[in-house]
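Please open the structure in a viewer and keep the selection tool at hand.

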Amino acid sequence: MMTIDNSASFTEASFSPNDLITQMAELEGGLHALLEKVKGDSQMTKDISTFLKKRAFLEESYGRDMVKVAQSTAEAFDKAHPKSGTFGDVWISMLKVHENIGNQRIKFAASISDSAEDLLSLGRNIEKDRKKIKDAGMHYEKLVSDADLLLEKSKQKFEHSNEEWGRAVAQRNQEPIQPAKKNLFRSSRTPAQLDKTEIDCRNKMDAADAQYKSQQKKTIQTHAEYYESHLPKVLKDLKAVDDECSVALRYQLASYAYTYEQALTEDGLALDNDQGNGLRGLITKIDKDADWIEFVRLCTERSGKIQKNEIMSQEYNLPNNANYNNNRVFGVHLEQQAEMSEDMVPDILKRCATVVEQYALSSVGIYRISGTSSKIQKIKCKFENGDPNPISEEDLSDINNVTGVLKLWFRELPDPLFPSASYHQFLEAAKLPEEKTRVIGLHTVINELSDAHYATLKYLMCHLDKVQSYQRFNKMGAANLATIFGLTLMSSESGSQTQMIAVHDNQRIAESQLQAKVVQTILENYKEIFEDE
């Protein structure tokens, strides 16, 4: 048996749109198949709209975060490095490029969000038009179905009347032949009555036959109108709706592709462009030699030249106690002590921290447990007298005496390590609820510290970071160390004893908690706050 490949004849060139509508009209279930196609295309439009909405959200979040981090970084850099030469200028320009990239992404997100809304609206309209056309198609199908049902009923009525007429004719023809049985059954109808019954049945049959033929004509006409007029029109309307959906969807996808291409092009121009203000072009503008010349010029303006001849010609006749005055450690401003060290970190801090790191990182309760007051004073005197070995092997027998001397030195600083002038700024930064914002706030205040305070704070936090890394053994994590050093390193602006007593207990407790929060946050984020130099 030979089979015919119908698919080979379905090409674009062999059929016009009207021919395809005719093909669909001739298929069983063609209307319902086309309804499902339009429904599927409408759902596809909604699915694409959902994707574009999610893409818009991601792009907007990325853009806003990019703008935020670029702006905050630029602001912090300006404060920390006000005179950073060409490198600083280029870095600020690069951050501005990133800010522009973020704004471009926000614009791209708005564009595809609009496309998503248009597609969602298109899907609703397509579904609405589909339902309207479907209702019309179902109405015409019902007319055909009702006509078929009426035809079937009229046929059954005709057949029933025909059977009744046949029985009437049989009764009329057979009854006279049958012999009358006297005194048994007497006929209930006379021949005249049988003739009348036969005529009535024939008339009913003729009427049923006429009704059946009439209904048959109406049914044929209904079928013809449906298949030749109504169904093709419904199919054409459905195809028009589907075409509208396809054209609009294609347009929106093309718009999305074009907008995406523009966004990528903008990113490429941010990397490199003919104007030289892309990332690559900006990097070439860094001039380390010019920065070095500018740095020397600024230093020259700030400082005078060393008078070598005058210094060499002077003769010093120091009194016996001069050694004590020059080596005084406790109760001396940090800036004065920092001048005696190349890295601006006081010697007492480096000596005590080194001893702790060499011998006592695993000591339980380090910095929390107090030492012996007399021995602490003894070590203090050796530092004050300029003893070259202020921490002897005997002092190592109780490491808490060494840590006690260090805490005492911090407490006796005329201006605390966290300067009184910056006290409220540190507390306000500690009040910030978000960790990231709090770190940035503290970083900003720390960068405004003098060189001596900054270098000393950095060295101390580096030391305490090593201590907390051994918390498994010494039980002194960041929170415990912060509680100890919060009160030691910070104090409010100077005021009378009466004023201090007048401060409400709750306020003092709240401030002590914030002081600990300052130290804990700095300690937990040591590597982020103190950049490697």
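**First stop: a pocket**

Begin with the second largest pocket, which holds about 520 Å³ of space. The model on display is a predicted one. To locate the pocket, select Lys83, Ser84, Gly85, Phe295 and Leu298, which lie nearest its centre among the 14 residues that line it. Next, colour H2, H3 and helix H6 (288–302): these are the elements that give two or more residues to the lining. Which helix supplies the largest share of this lining? It is H6, with 6 residues.

**Second stop: helices H2 and H3**

Select residues 30–80 for helix H2 and residues 85–174 for helix H3. Their axes come within 6 Å and cross at roughly 165 degrees. Because angles over 145 degrees count as roughly antiparallel, H2 and H3 are roughly antiparallel to each other. The crossing of these two helices, H2 and H3, is left-handed. In the contact of H2 with H3 there are 26 nonpolar, 15 polar and 16 charged residues.

Now select residues 423–430, helix H13, together with residues 435–447, helix H14. Here the axes come within 8 Å, and the crossing angle is roughly 165 degrees. H13 is therefore roughly antiparallel to H14. The two helices, H13 and H14, cross in a left-handed sense. To see the contact, show the side chains of Gln425, Phe426, Ala429 and Ala430 in H13 and then Arg438, Gly441, Leu442, Val445 and Ile446 in H14. The residues of this contact of H13 with H14 comprise 6 nonpolar, 2 polar and 1 charged.

**Last stop: helices H15 and H17**

Finally, select helix H15 at residues 451–468 and helix H17 at residues 478–489. These helices pack at an angle of about 150 degrees, and their axes are 10 Å apart. H15 is therefore roughly antiparallel to H17. Is the crossing of H15 and H17 left-handed or right-handed? H15 passes H17 in a right-handed crossing. On the H15 side, select Leu460, Met461, Leu464, Val467 and Gln468; they meet Ala478, Leu481, Phe485 and Leu489 of H17. The contact of H15 with H17 consists of 8 nonpolar residues and 1 polar residue, with no charged residue.

Note on methods:
Residues numbered from 1 in each chain as written. Predicted model: local features only at pLDDT ≥ 70, side-chain atom pairs only at ≥ 80, totals over all residues. Heavy atoms only, no water. Axes fitted to C-alpha atoms, helices over the stretch in contact; angles between N-to-C directions. Helix = DSSP H or I, 4+ residues; strand = E, 2+ residues; numbered from the N terminus. Parallel < 35°, antiparallel > 145°, perpendicular 65-115°, else oblique. Left-handed = near helix turned anticlockwise from the far one by under 90°. Nonpolar A, V, L, I, M, F, W, Y, C, P; charged D, E, K, R; others polar. Contact = heavy atoms within 4.5 Å. 1 Å grid on protein atoms, 1.4 Å probe; cavity = no way out; pocket = protein on both sides within 12 Å on 5 of 7 lines; lining within 4 Å. Points joined across faces, edges and corners; volume = space filled by probe spheres on them.
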